[in-house]
Amino acid sequence: MKPRKNTKRVPSFRKLLRTSQIKLDNKLKNKQYKQKSAAKKYRKEQKKLREAVRDAISRKPFPLEECKKKQVAKKWEEKEEEEDALPLDMMDEDDLKLMEDLAQKASFLTRDLSSNEPVHIKKRKHESVIEKYEKVPRRLQTEPEKELIHLLPIKDKSGIIPQTVEKPVLNVAHDEEEDTENMEEAEDFIEEPLPVLTPEEMAAQRRQKLQERKMHIAALASAILSEPDSNIKKLKELRAMLMEQDPNVAVIVRKLVMVSLMEIFKDIAPSYKIRPLTEVEKATKVKKETQKLREFEEGLVSQYKFYLENLEQTIKDWKQRKLKKSNVISLKAYKGLAEVAVKCLCELLVALPHFNFHNNIIVLIVPLMNDPSKMISELCVEAVKKLFKQDKLGYASLGVVKVISGLVRGRNYDVRPEVLKVFLHLRIKEVELQKDSEDIAPKKKFMTYKEKRKNLSRMQRKWKKAEEKLERELLEAEASESKEKKLKLHTETLNIVFVTYFRILKKAQKSPLLPAVLEGLAKFAHLINVEFFDDLLIVLHSLIASGDLSYRESLHCILSAFHILSGQGDVLNIDPMKFYTHLYKTLFSLHAGGTNEDMGIVLQCLDVMFAKRRKQVSQQRALAFLKRLSILALHVLPNSSVGILAANRVFMQTFPRMDLLLDNESQGSGIYLPELDEPEHCNAQNTALWELHLLQRHYHPTVQKFASHLIAGAPTEGSGVLPLDLSQRSATELFETYCMKGMTFNPPVASVAPRRKDTFSQRDSFVDEELNKQLQQHISETGAHKHLDFAKHLKESSLA
């Protein structure tokens, strides 16, 4: 059996840093115990060997030939007495010779014929004791072989002389004595009473320690930033301070080290990803500068990896409510450490999307977006939003979207809506759509050699070659290849987003994620493949008809449906009358209370439903919406009123004969039915926009301007035209501009200029004296309870 290899790994520096003193003491005791056991086993084996030699010597040896002679004589006597021997003249000469030869061999005569043992076994058993004794090693008490340490050799005239030194062996007994002495000294030291410090002294001592640690951190960080190539090893020393063991300053020091290392890595990390060297590259000889750069990159990547592992371990310890054995930091303080670690990871996620281990950071950050702690989840959500906004190519966005999709599916759609709402910040404006076979076929850009020889002369071929070379250089300058990569990445990212949305629509329609899904579909609906349009519109209408959605969710359904139909859906013969009817029916759900915020989505729906589909909308439908929106403008906040009147302006400029509602005389038969929920059959042409006259007296000046503009027929030039700052903005922009979230009047009210004191001071003082005299006389005559009415009367008369 082959001896088992020692596969025990040497502990790394990081592991030793995290090991407590108690664990190191236990390891030392185990090592000493193993040494004692090995020595004891060796002594037992030597003792057994000595006993075996002693037993062998005590037995009396006897010569082998005497034994053989006695056995042969005894055998012949038994033969003569019991058996009748055959006469010799009856035996052949060959047989007789064989018997004589066998008689000379003692082994043949003395052997027990009933036994089947071979002959050599008996010989081995009766081997000479002296020979056996000689085989025993002379030195009974062997000493263990001493290990040698090979040093550098010395060379002289005679040649190379090897140099070795014996490796020092630990004396277990001496170490035990030292340990006992140390324990006694420690007990004596513990018995001595510690000096009692006042709270002021303890605070001063803590401030001093903290200042020393800060100076040390600053010195290391400045040294690394000044010369990263030379001082890359100091990152290890700085990272070792993450294991600060002083309980008085451990929390603050670890936080400072985390943030310092994060800023250092953001500053010294290169703008490319560092890949590991191959074996061939390692074996190749390079310049000193190249070797120095390789060492710097290797050290940077390893320290960056260890730093990320430390941050991950801090977050895991806090999530598992797990304390270290040393108990240096309390469980409550671990939350603060975990928050700092999450902030560092979020900063690195945004600042170093191109560097190593970025996907590992994504895997750490994305699950924390669904964390119960509001602060941590908001930090992670904001970091992902920033990453989406600044990611121009799409590699980082694709990685995040994949992890979010897996998280939503793994948690069985039980995640916070904010996790899905981050998809709205993706920078995706175009994707690769399915093309015809003619478009997919590669187009010939350059002529082949045969075509040139056949169609061009020698000079023309020369000019053609130079022209093609120039075209290739221009193509490289335009970076057309990177644009194709970008489109592929965006297409793959959007496919994963739509798969996530469709799964939720299919399996979790009552999930709180539905509003985020509908909002996302409304934004990216124009990029969906045409094959899914019919099924998606059916699902959206069924969701609205079910009645389980809130008003905001139903608005998102309508907006998604019209985004689908306004893009590639123009070629489809689909009548979305149900969506028009639902929006018309639910417009009066808006008011000046909580639903006022939903007006922005309504204005987006109106823009998509009417302005972008003007050819598919009938005049009756447009008149009905114009009338109902004018009624609604009386019941909402000023910013919503401004947005509605801006949408009405678009109606009057887009659709012909909208000025019918500005005339008092009725057009056609029937009367207007405002309570009817069918816009096509409510006879809106038989009413008038009397609401505009009320809106002309509105307290908001912008509402007044829009009302006067619409009463004039929404002219584009002339006396009733709007100012440029209002006419060039869309209804949604105006709604957000005049928002009153800050509880202030927008635009602000102009203050009245005060009167000049030098002009009116004498008159005011004279009037005040006269009023006071009349007031005192009235109080004395009528009583104090009526003086307020009289004072009011005096004030009015004086002002007049």
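Which residues form one aromatic cluster? In this predicted model, the members are Phe562, Phe579, Tyr580, Tyr584, Phe610, Phe625, Phe651 and Phe655.

The ring centres of Phe610 and Phe651 are 4.7 Å apart and the planes stand at 50°, so the pair counts as tilted. Phe610 has 2% relative accessibility and therefore counts as buried; Phe651, at 3%, is buried as well. Phe610 also pairs with Phe655: here the ring centres are 6.3 Å apart and the planes meet at 85°, so the arrangement is edge-to-face. Phe655 lies in the loop between H29 and helix H30 (691-695), and this pair links distant parts of the chain, 45 residues apart. Phe655, like Phe610, is buried. Across the whole structure there are 14 aromatic pairs.

Helix H25 (residues 551-566) contributes Tyr551, Ser554, Leu555, Ile558, Ala561 and Phe562, which meet Phe579, Tyr580, His582, Leu583 and Thr586 of H26. By type, the residues of this contact divide into eight nonpolar and three polar, with no charged ones.

For a look at another part of the chain, turn to Met369, found in the loop between helix H15 (358-368) and helix H16 (374-390). With a relative accessibility of 0%, Met369 counts as buried because the cut-off is under 20%. Setting aside neighbours within four places in sequence, Met369 touches Ser377, Cys380, Val381, Val384, Ile404, Arg416, Val419 and Val422. One of these, Val419, is 50 residues away in sequence, yet its C-alpha lies 6.3 Å from that of Met369.

Finally, a word on confidence. The chain has a mean pLDDT of 78, and 70% of its residues reach 70 or more. Confidence is highest in H15, at a mean of 94, and lowest in helix H19 (residues 437-440), at 38. Residues 81-86 have pLDDT below 50, and that stretch makes one contact beyond near neighbours in sequence. Over residues 435-444 the pLDDT likewise stays under 50, with two contacts beyond four places in sequence in the model.

Note on methods:
Residues are numbered from 1 along each chain as its sequence is written. This is a predicted model: local features need pLDDT of at least 70, side-chain atom pairs count only at pLDDT 80 or more; totals for chains, interfaces and linings use all residues. Side-chain values use heavy atoms; hydrogens and water are left out. Contact means heavy atoms within 4.5 Å. Helices (H or I, at least four residues) and strands (E, at least two) are DSSP runs, numbered from the N terminus. Ala, Val, Leu, Ile, Met, Phe, Trp, Tyr, Cys and Pro count as nonpolar, Asp, Glu, Lys and Arg as charged, and the others, Gly among them, as polar. Buried means under 20% relative accessible area, exposed over 50%, partly exposed in between (1.4 Å probe, protein chains only). pLDDT is the predictor's confidence in each residue, from 0 to 100. Rings of Phe, Tyr and Trp (its six-membered ring) pair if their centres lie within 6.5 Å; planes under 30 degrees apart count as stacked, over 60 as edge-to-face and the rest as tilted.
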